[in-house]
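Subject: Handing over a structure

Hello,

I am passing this structure on to you, and you will find it just below. My notes on what was found in it follow.

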Amino acid sequence: LCFCAELPRCCLSGCLQVRGDGEILSQVVSSQADLLARYGGVAPKMAEEAHALVIDQVVQKALDDAKLSGSDLSAVAVTVGPGLSLCLRVGVHKVRQVAKSFGLPIVGVHHMEAHALVSRLVNKDLDFPFLALLISGGHNLLVLAHSLGQYVQLGTTIDDAIGEAYDETARWLGLDMRKGPALEELALDGDPDAVKFRVPMRQHKDCNFSYAGLKTQVRLAIESKNLSTYDIPISSASEEDRQSRANIAASFQRVAVLHLEERCQRAVEWALKIEPSIKYFVVSGGVASNKYVRTCLNQVAENNGLQLVSPPPSLCTDNGVMIAWTGIEHFVAGRFEDPPAADEPDDTQYELRPRWPLGEEYSEGRSVAR
Ligand code: ATP
Ligand code: FE
């Protein structure tokens, strides 16, 4: 059994699960959506305070829902990076407390590795090595997963992640707080050919990404159409205005995803050169819950004889299950820290890894890029 506390930018969740069949015994999510709605964003200090306020209840509820106590657990897992130290510290502090009380080993988890490995919870046939695209609010990573904890980074973003581009575009189009999902919904009513956006980085023959330029193009398109977007939410827009916004949403989405497809096609070629035995293409992270993204990337996988594995949307966006599962994978492999000493003071400083690359950069990729 394994408990985990997950503290990404603005949500907190805990979960308990058993190994064997990977059954999830409980899952508790406490999000800061209300703070987001009130202030339009969450400042790090505000996030830290909000986490600290609820973490005890979340942990207790996760245990209660599973009808377990701390002494039934075998280990505790917690995100130690990458991310904001201020927020990571809240989770690590709580987990050390639990670990100390019950004498449990601790597994420090890499947030992005967890996004990738949760695919192995949902697809038991998914063996290493595999290729993974991780697309979220803060990352755009293409990695070749050789084995547990051993990754080669084929590509990353040189500026923004795709989730950030979805979020900004959604905000500019006057969409609700769901952002990415709201934009996906609006794009269904739009014409993807209505606005011609340039596909980023075509002249760079590598697997890196860039979304800052596309964001600027979207911004200019909105301004040139004189859409009153910030102040008038889409629910109050005229029919014509709404259609223009839907067209921008669809045109943005097409190019944002085409950029993914192009880089993934090259990454598949690189990956198969390094590891010809690859059979699976994993796509995870919040943006992977988007149906259009999944359909397009499934096509890339099929074109190359690979099988796409993408977790259900609830396991693509941040969740505690993925941290617990990754904790289990490392625990079983013998990679964990001993329980804290019974006399460890509560204010001990722990090692956090706010910047933590998932793996070495692929060196041939760098030379190809030049
Ligand atoms: P990171 O994992 O890089 O630290 P994060 O943890 O904040 O970032 P996730 O929770 O994995 O990110 O994903 C959140 C992102 O996914 C947000 O940018 C959100 O808008 C986006 N997203 C969620 N659902 C969809 C969707 N259906 N379409 C597009 N984007 C989506
Ligand atoms: Fe995440």
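**The ligand shell**

Ligand 1 is surrounded by 21 residues, and the closest are Gly137, Gly138, Gly163, Gly180 and Gly286. A residue is near the ligand if its C-beta atom, placed from the backbone, lies within 6 Å of it. Two elements give two or more residues to this shell: helix H5 (162-172) and helix H6 (180-187). Helices (H or I, at least four residues) and strands (E, at least two) are DSSP runs, numbered from the N terminus. By type, the shell holds 4 nonpolar, 12 polar and 5 charged residues. Here Ala, Val, Leu, Ile, Met, Phe, Trp, Tyr, Cys and Pro count as nonpolar, Asp, Glu, Lys and Arg as charged, and the others, Gly among them, as polar.

This is a predicted model, in which local features need pLDDT of at least 70 and side-chain atom pairs count only at pLDDT 80 or more, while totals for chains, interfaces and linings use all residues. Residues are numbered from 1 along each chain as its sequence is written, and chains are lettered from A and ligands numbered from 1 in the order in which they are written.

**The chain as a whole**

The protein chain has 12 helices and 11 strands. Of its 370 residues, 48% count as buried. A residue is buried if 20 or more other C-beta atoms lie within 10 Å of its own, exposed if 12 or fewer, and partly exposed in between, with C-beta atoms placed from the backbone. Among contacts with a separation of 6 or more, 75% join residues 24 or more positions apart. Two residues are in contact if their C-beta atoms, placed from the backbone, lie within 7 Å.

In soluble globular proteins, nonpolar side chains tend to be buried together. The largest nonpolar core in this model has 103 residues, of which Val143 and Leu154 touch the most other members. Helix H8 (residues 239-274) gives the most to this core, with 14 residues. A nonpolar core is a set of buried Ala, Val, Leu, Ile, Met, Phe, Trp, Tyr and Cys residues joined through C-beta atoms within 7 Å. Beyond its neighbours within four places in sequence, Val143 is in contact with Ala132, Tyr151, Val152, Gln153, Leu154, Leu358 and Gly359.

H8 also holds Glu269, which counts as exposed because it has 11 C-beta neighbours inside 10 Å. Glu269 lies 33 residues from Ser236 in sequence and 47 Å from it in space, C-alpha to C-alpha.

**Two helices**

Helix H7 (residues 212-224) has 13 residues, which at 1.5 Å a residue should span 18 Å; its end C-alpha atoms are 19 Å apart, which agrees. The expected span is 1.5 Å times one less than the number of residues. Which residues of H7 are buried? They are Leu214, Lys215, Val218, Ala221 and Ile222. These cover an arc of only 125° around the axis, so they sit on the same side of H7. The arc is that of the directions from the helix axis to the C-beta atoms. The buried residues of H7 pack against H5 and H8, while Thr216, Leu220, Glu223 and Ser224 are exposed on the other side of H7.

Helix H4 (111-122) is mostly covered, with 11 of its 12 residues buried. Among them are His111, Glu113 and Arg120.

**Backbone points to check**

Most residues other than glycine have a negative phi, and most peptide bonds are trans. The peptide bond from Gly81 to Pro82 is cis, with omega near -10°, and Pro82 is in the loop between strand E4 (75-81) and helix H3 (85-102). Another cis peptide bond joins Phe128 and Pro129, with omega about -5°; Pro129 is in the loop between H4 and strand E6 (130-135).

Lys67, in the loop between helix H2 (44-65) and E4, has a positive phi near 55°. Lys67 is exposed, with 10 other C-beta atoms within 10 Å. Lys179, in the loop between H5 and H6, has a positive phi of about 50°. Is Lys179 buried or exposed? Lys179 is buried, because 20 other C-beta atoms lie within 10 Å. Just after H7, Asn226 takes a positive phi of about 55°.

Regards
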